Amino acid sequence: MAIYPNIYQTLVPCPIVELRGYLAACGLKGRLYAYLDYNGPTGTSRDSVAEGMLALAAEKHKLLPGQPIIEAASGSFAMALALAGRTAGHPVVLTMPEDAPALRQEYLLRLGAQILHSPAQRGLAGARALAETTAAEKGWYYMNWLANDDNPEYHRRVTGPAIVQAISREGRSLVDTITVGVGSAGTITGVGETIKAWTNDVRIVAVEPFENQALGGGFTGGHGIPDIGYGIVPGNYNAYVVDNVAAVTSTDANRTAQRVLATDAIPASPAAGAALHAAAQLIATGTSRSALAIFSGRQVFNL
């Protein structure tokens, strides 16, 4: 058994699991797979992305040793960055609207992050503006993970090649469709570009909440699928590698996550449930015969 220098070295490559139980329970004919990208401390793919983006920034000399990092975030990426930054020796400052949930702020403070508040009425845009101006004034590194090419670049170097290697069979693909929930859009862009450079025989499907269809050009609003559907088209999003967009309701995403736990013992988050529901629907309609859903988070149990 190997001994690793830190937890981040254990996060890749991620396993791909065939979901035979879920497929049978739904009465579907085809093949259905899940790429389980959630084994870090936050239980989401944000852990590997945060550490990977820090490594890329340091590699490109954009991030200096010990330099403070600032980012506009308050969710799972904020937690992942607080942990990865501390491990790498960088103070982490997070900007967020002043009305961000108090318990979430308290948790981030316990992880060692500092918090700066922007006006509540300005939302995410205000938090991002504060991060950008503060970085410029103080000489800090603004990560800007929604529009920083280091995000998809990590997936071009790691996630995309890992998936290609796993699904490649004598020059052809084991799957004809890959479904990806879109939050920052780093995964779908990096994986999509890698897949399309290898073959045009695999369809890339972007998944977003039915209640918040920024990618599909529909209405936007609140929803119940954490970590995807930010209500904007992120700067990282490369629409040219996306073949179509699937909208999944919060109810379907949550029900699917619960069902795959029962059928295949996989603790999928609602975002992972959304990607799986989209993949299963494509098989049900005959659009796909073999689909891979990227699971970007695991279910958290509070017993």
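Contact here means heavy atoms within 4.5 Å. The model is predicted: local features need pLDDT of at least 70 and side-chain atom pairs count only at pLDDT 80 or more, while totals for chains, interfaces and linings use all residues. Residues are numbered from 1 along each chain as its sequence is written, and side-chain values use heavy atoms, with hydrogens and water left out.

**View 1. Surroundings of helix 3 (residues 76–88).** Helices (H or I, at least four residues) and strands (E, at least two) are DSSP runs, numbered from the N terminus. Ser76, Phe77, Ala78, Ala80, Leu81, Ala82, Ala84 and Gly85 are the buried residues of helix 3; buried means under 20% relative accessible area, exposed over 50%, and partly exposed in between (1.4 Å probe, protein chains only). These buried residues pack against helix 2, strand 3 (69–72), strand 4 (92–97) and helix 4 (102–110). The expected span of a helix is 1.5 Å times one less than its number of residues. For the 13 residues of helix 3 this should give 18 Å, and the end C-alpha atoms are 18 Å apart, which agrees. Gly89 follows helix 3 and has a positive phi, near 85°.

**View 2. Crossing of helix 2 (residues 46–59) and helix 3.** The two axes come within 8 Å and cross at roughly 45°. Axes are lines fitted to C-alpha atoms, for helices over the stretch in contact, and angles run from 0 to 180 degrees between N-to-C directions. Helix 2 and helix 3 are therefore oblique to each other; angles under 35 degrees count as roughly parallel, over 145 as roughly antiparallel, 65 to 115 as roughly perpendicular and the rest as oblique. Helix 2 passes helix 3 in a right-handed crossing, a term used when the near helix is turned clockwise from the far one by less than a right angle, left-handed being anticlockwise. On the helix 2 side, Arg46, Asp47, Val49, Ala50, Glu51, Met53 and Leu54 meet Ser76, Phe77, Ala80, Leu81, Ala84, Gly85 and Ala88 of helix 3. By class, this contact has nine nonpolar, two polar and three charged residues. Ala, Val, Leu, Ile, Met, Phe, Trp, Tyr, Cys and Pro count as nonpolar, Asp, Glu, Lys and Arg as charged, and the others, Gly among them, as polar.

**View 3. Packing of helix 6 (residues 150–157) on helix 8 (residues 186–198).** The axes lie 7 Å apart at an angle of about 45°. That makes helix 6 oblique to helix 8, and the crossing is right-handed. Asn151, Pro152, His155 and Arg156 of helix 6 meet Gly186, Thr187, Thr189, Gly190, Val191, Glu193 and Thr194 of helix 8. Two nonpolar, seven polar and two charged residues make up this contact. Helix 6 is mostly covered, with six of its eight residues buried, namely Asp150, Asn151, Pro152, Glu153, Tyr154 and His155. Their cover includes helix 2, strand 6 (141–142), helix 7 (159–167) and helix 8.

**View 4. Ser118 in strand 5 (residues 114–118).** Ser118 counts as buried at 3% relative accessibility. Leaving aside neighbours within four places in sequence, Ser118 is in contact with Met96, Pro97, Glu98, Gly123, Gly126, Ala127 and Leu130.

**View 5. Gln213 in the loop between strand 10 (203–209) and strand 11 (244–248).** Gln213 is buried, with a relative accessible area of 16%. Not counting residues up to four places away in sequence, Gln213 touches Glu208, Gly218, Phe219, Thr220 and Ala247. Gln213 and Tyr141 are 72 residues apart in sequence and, C-alpha to C-alpha, 31 Å apart in space.
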